[in-house]
Every structure is written in C-alpha cells, then in structure tokens.
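Please examine the structure shown below. The paragraphs that follow lead through selected parts of it.

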Amino acid sequence: MKAVGLLPINLKGKLKDVFEYVPLYRRKPEVIAVFTLIDLYGISHVQHNLDDELSEKVTRVKNWLQDDFEPTFFRPHLSVHEIEAWLLAEGDCLAKRLNDTNIKPDRNAETKNFDNPPHRRIEVLFKSRHRDDYHKINDGTPLFQCLQFQPVHDTCQYFREFYDELKSVGLAALNS
C-alpha cells in the first residue's frame, strides 16, 4: 500500500529558514514537494503599494519566495493575513469559547485589511466579553482544535488554494 506523509516544521517566524530547508529537502529523493504556509501580514521583505489589491500582494510575495526554486517542488502559500482569519471565518469556535451566540462566521475574514489583522479583531472580541487578552497559545490552541474545516475551506480562498494543492500533490504521488 502506498502512503504519503507530511512533515510539519514550525519555523517560528524565521522566514530565512525557508531558504535553508528547501535545498535541504530537494536532495532527499523521498520528498516530492515542500509547501510553506506563511502569514502575509508582517512580511516586510516585499514592498507593496498602498493601492495594491490583495491578490497582487499574494502573487508578489509568492514570486519572491519561489524566485530561486523549482516551482513544481517548492510551493509557497500564504495565509491572509494570519491564520486567525480562519477562526473568524468559521466563527462557531469563537462563539463557544467566549460564550456569545452573537459572534457569527465572517465570510470575508481572509480579505480584511492589514490595519486591523485577525489576531487584533479576536483580541477585541476577547476584551469586549470581559475576558483577558487573546493569547495565541492558551486560547488559540483550543480554538484551532475546535475549528470546522468546511466553513474555512468554503470562504477562505487562499486557505482553499493551499489545501487543494496539497491534496492534489498527495493524490498524484499516490497514483504514480
């Protein structure tokens, strides 16, 4: 029976490590592709114009990331603007965690602007519900464990592109 495995590596925000890992894994014959998932919010290595569309920013960063690597092997993806957008898109986990049925899924969570990134919007929700600040580890971990896949896949274009390409590469490897 054939199998395809994933090896997640947390680069802990060190973007430079992407450029070290890709060549390292390229030399391993059992590795069919390297995917990245990097927050678009906070990448300062690529300059954007104030009036650039989100899709232009994503394309520009992906091109910058992929510039030195084989495109069929290295497949950079971006979470827009941060992965917390997925929590806002799904909504139910936040509503449960904060015990507030007024919190609804935000179908446009992934496309909101940089001035008010997802983690800040979540922090406002936490504070307005008479709670402490939002803590990415203590609060984020149970929120992501609760997260339902389908609403995020349905409403977050960049997540969907990442997932669908990952699935496609895996299925192609199984069928080869």
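In which sense do β1 and strand β2 pair, and over how many bridges? β1 (34–39) and β2 (residues 74–79) pair in the parallel sense over six bridges; two strands pair if DSSP finds at least two bridges between them. Helices (H or I, at least four residues) and strands (E, at least two) are DSSP runs, numbered from the N terminus. This is a predicted model, in which local features need pLDDT of at least 70 and side-chain atom pairs count only at pLDDT 80 or more, while totals for chains, interfaces and linings use all residues. Residues are numbered from 1 along each chain as its sequence is written, and side-chain values use heavy atoms, with hydrogens and water left out.

Phe35 has Arg75 as its bridge partner in β2. In a regular strand the side chains alternate between the two faces of the sheet. In β1, Val34, Thr36 and Ile38 make up the covered face, whereas Phe35, Leu37 and Asp39 make up the uncovered one.

The structure also contains a disulfide, that is, a pair of cysteine sulfur atoms within 2.5 Å. Cys93 and Cys146 form this link, with their sulfur atoms 2.3 Å apart. The pair joins distant parts of the chain, 53 residues apart: Cys93 lies in helix α4 (residues 92–97) and Cys146 in helix α6 (residues 140–146). Cys93 is buried, at a relative accessible area of 3%, whereas Cys146 is partly exposed at 28%; buried means under 20% relative accessible area, exposed over 50%, and partly exposed in between (1.4 Å probe, protein chains only). The sulfur of Cys156 is too far for a bond, because the closest cysteine sulfur, in Cys93, is 13 Å away.
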